[in-house]
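Hi,

Here is the structure I promised to pass on.

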Amino acid sequence: MRQDPSRADVIQARHDFFDLGAAPTGLVPGAILRSWQRCAARGFDSHERPRLEPGLASELRELKERNERLIRLSRPELESLTREAAESGGIVILTDGAGFVLDALGDPGFAGKAANVALRPGVPWSEASAGTNAIGAALVERRAVQVRGPEHYFEPHRILSCAAAPILDPYGALVGALDLTGQAALPHDRALTLVRSCVDQIEHRMFAEAFPKAEVIRLHSDPERLGVAQEGVLVFEGSRLVAANRHGLTLMGLDWNALGARSFGDLFDGGPKGEGERSLLRSRDGRDLHARLRRPPTVTPGGGPKAPPAPAPHPVSAPQPRRAAGPVFDAQTERDLARAARLVDGDVPVLIQGETGAGKEVFAREVHRLSRRADKPFVAVNCAALPEGLIEAELFGYEEGAFTGARRAGSKGLMREADGGVLFLDEIGDMPLALQARLLRAVQERTVTPLGGAKPHAIDVRLVSATHRDLKAMTEAGDFRPDLYYRIAQYGFALPAFRALSDRAGALAALWGNIAQGGRTLAPATLARLAAYAWPGNHREAVGAMRAMAALSEPGERIGPELLPAAIRDVTPAPVAAVPPEGLEGLARAAMRAAIEAADGNVAEAARRLGVSRSTLYRRAVPGGPRRRRLDG
Ligand SMILES: Nc1ncnc2c1ncn2[C@@H]1O[C@H](COP(=O)(O)OP(=O)(O)OP(=O)(O)O)[C@@H](O)[C@H]1O
């Protein structure tokens, strides 16, 4: 019997990748190849059976409690998909945003087989735990992914064929994934379409019970399609865009970066024409869109006094909204984040080390967001920024009149502010020695005694500390207390310097994707220089440079190297240490490939975004030309 050609491609790709160590360009979708590369970089052996074990029953209970809202909002789709899955001999799986299976329902026969490969509640199916699989890949890629049979990284998972889509909350935060899994031997062509449309429904439902005080605008170019799950939804507080669904952002040509940054007036020309069900809104680029508006009593879109933006509610398991420019992490850091969140949940203090601007605070906030304490306070203390005499009062609080200048009512102190949540001790290496002893005592005894007070208060905080210093060396030199060091650094994470990122061009392209608006693109020569620069200020400097280029350019402009800050523009020839062996041409090629992948394999779209012709892109980024390239699966 003739073998299915795509299966033969995958087998060939596996041979190239796992046996020969070559990148099988064009044989498997880009998402699969990237996932294999991330898994290989983690040192996974594809022949092994990964150790996937559910946690304790109490942990599963807690996991479900934490995700109660997601489970409830997903129930209608889980039920309909379960029927579908049972008929086609598969199972449907709902996970949380970190890939932990919350529910696995469907055909009991297949469910048994799936359980053999640990596809059951409580088990993490993130890529970092289970290798390439649809759930893990969809969570990393933030888009729907199908992984069939031998496309799975680990051999024992070859029996599976999975399609999964990530679930994003109205702030763009990952809160879960929905997956349909069947036997690899069966066709599952509809699976991807099904999970995508079910996720549309779930995401759409999130808006129904949230945002009572905001203005919710539902949009579609076709009036008949207003009200369906694929309608665009935009939420404004005052006049500011604070939340949206993906369809709303796409309709307006925006990305998640627009939340908090764009106003009603940036998006629409004037206010709505007509009322309620029958409104029309004209977009800034001149399109008439059909709209349904639900206004809070006092807000007038596009006119009237602008109310100050209020903090937005968190509809699903209360994740903190991502900051405007969403963090960009490499695969190893994503894995570290998941691990750090588990450690924090397990009450193990973690220490983050990294150069200035490498994103230690961003990492800590993300850990908090992924932890079970996401809806509890995150309190950051910069130990280097406070005058020595004040840190103590700031941290531990003080009683009324404890010292000159103390507020009349006294102060609770940051440690008690963080009660129930996460305390982030930034620049811990700069904490004065005398204070280290007090901090150690507070951490050990889990109590805080305010200055001038006699009564200790119990506190329940999880500790995350960060420093750019070599704390271990400081303990040896007597500048940092070893007992405190071992207390706060029970598990350490080293954030990579920006120049050490293996896919620096990809990271830069992703940062730019966060910042760029209005069709602005980076010319390949610009990206090549950015990728060759050494970035001593790390992420902070990279974000600053991108923002500067966005501010200096016009909508639709293809940004040439002349707009780069001088230090970066003048990087020719590039510093040797910063350029990988394949040189600038290689970097430009990598950037082009990243752009193609970011455009879901659509070379014409990638060419448009990069501002180069399609033929240039084929010539430089696609080995062997367009024929063999297949990026979509
Ligand atoms: N992973 C990331 N993705 C996108 N932007 C980032 C990331 N990490 C850091 N940044 C950007 O860099 C800025 C600095 O990050 P952050 O304050 O976390 O660095 P840091 O390592 O704590 O620096 P310092 O040691 O100087 O305090 C952030 O405000 C953000 O703009």
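The protein has 24 helices and 19 strands, where helices (H or I, at least four residues) and strands (E, at least two) are DSSP runs, numbered from the N terminus. Keep in mind that this is a predicted model: local features need pLDDT of at least 70, side-chain atom pairs count only at pLDDT 80 or more, and totals for chains, interfaces and linings use all residues. Residue numbers start from 1 along each chain as its sequence is written.

Some overall figures to begin with. Of the 633 residues, 48% count as buried; buried needs 20 or more other C-beta atoms within 10 Å of a residue's own, exposed means 12 or fewer, partly exposed is in between, and C-beta atoms are placed from the backbone. Take the contacts between residues at least 6 apart in sequence: 65% of them join residues at least 24 apart. A contact here means C-beta atoms, placed from the backbone, within 7 Å.

Now the ligand. Its shell holds 17 residues, and the closest are T356, G359, K360, E361 and H539. To be in the shell, a residue must have its C-beta atom, placed from the backbone, within 6 Å of the molecule. The elements giving two or more residues to this shell are α12 (360-370) and α20 (538-552). Domain 3 (331-494) and domain 4 (499-621) each supply at least three residues, with domain bounds taken from an automatic or database domain assignment. By class, the shell has eight nonpolar, six polar and three charged residues. Nonpolar covers Ala, Val, Leu, Ile, Met, Phe, Trp, Tyr, Cys and Pro, charged covers Asp, Glu, Lys and Arg, and the others, Gly among them, are polar.

Next, strand β5 (residues 174-183), which contains V175. Nine of the ten residues of β5 are buried. V175 counts as buried because it has 27 C-beta neighbours inside 10 Å. L70 is 105 residues away from V175 in sequence, yet their C-alpha atoms are 7.8 Å apart.

β5 also has two antiparallel partners to look at (strands pair if DSSP finds at least two bridges between them):
- β1 (residues 91-96) is joined to β5 by six bridges, and D96 stands opposite G176.
- β4 (residues 160-168) is joined to β5 by nine bridges, and A165 has L178 as its bridge partner.

β4 and β5 make a hairpin with five residues between them, and G172 in the turn has a positive phi of about 85°.

There is also an open sheet of five strands, in the order β8-β7-β6-β10-β9, with antiparallel pairing. β8 (240-244) and β9 (279-282) are the edge strands, each pairing on one side only. On average, neighbouring strands in this sheet are turned by 40° against each other, direction ignored; the axes are lines fitted to C-alpha atoms, for helices over the stretch in contact, and angles run from 0 to 180 degrees between N-to-C directions. Within the sheet, β6 (residues 215-220) and β10 (residues 288-294) pair over five bridges, with I217 partnered by L293.

Finally, two covered helices. Helix α7 (residues 134-141) has seven of its eight residues buried, so it is largely enclosed by the rest of the structure. Just after α7, R142 takes a positive phi of about 55°. Helix α19 (residues 524-532) is mostly covered too, with eight of its nine residues buried, including P524, L527 and R529.

Cheers

How values were computed:
Contact = placed C-beta atoms within 7 Å.
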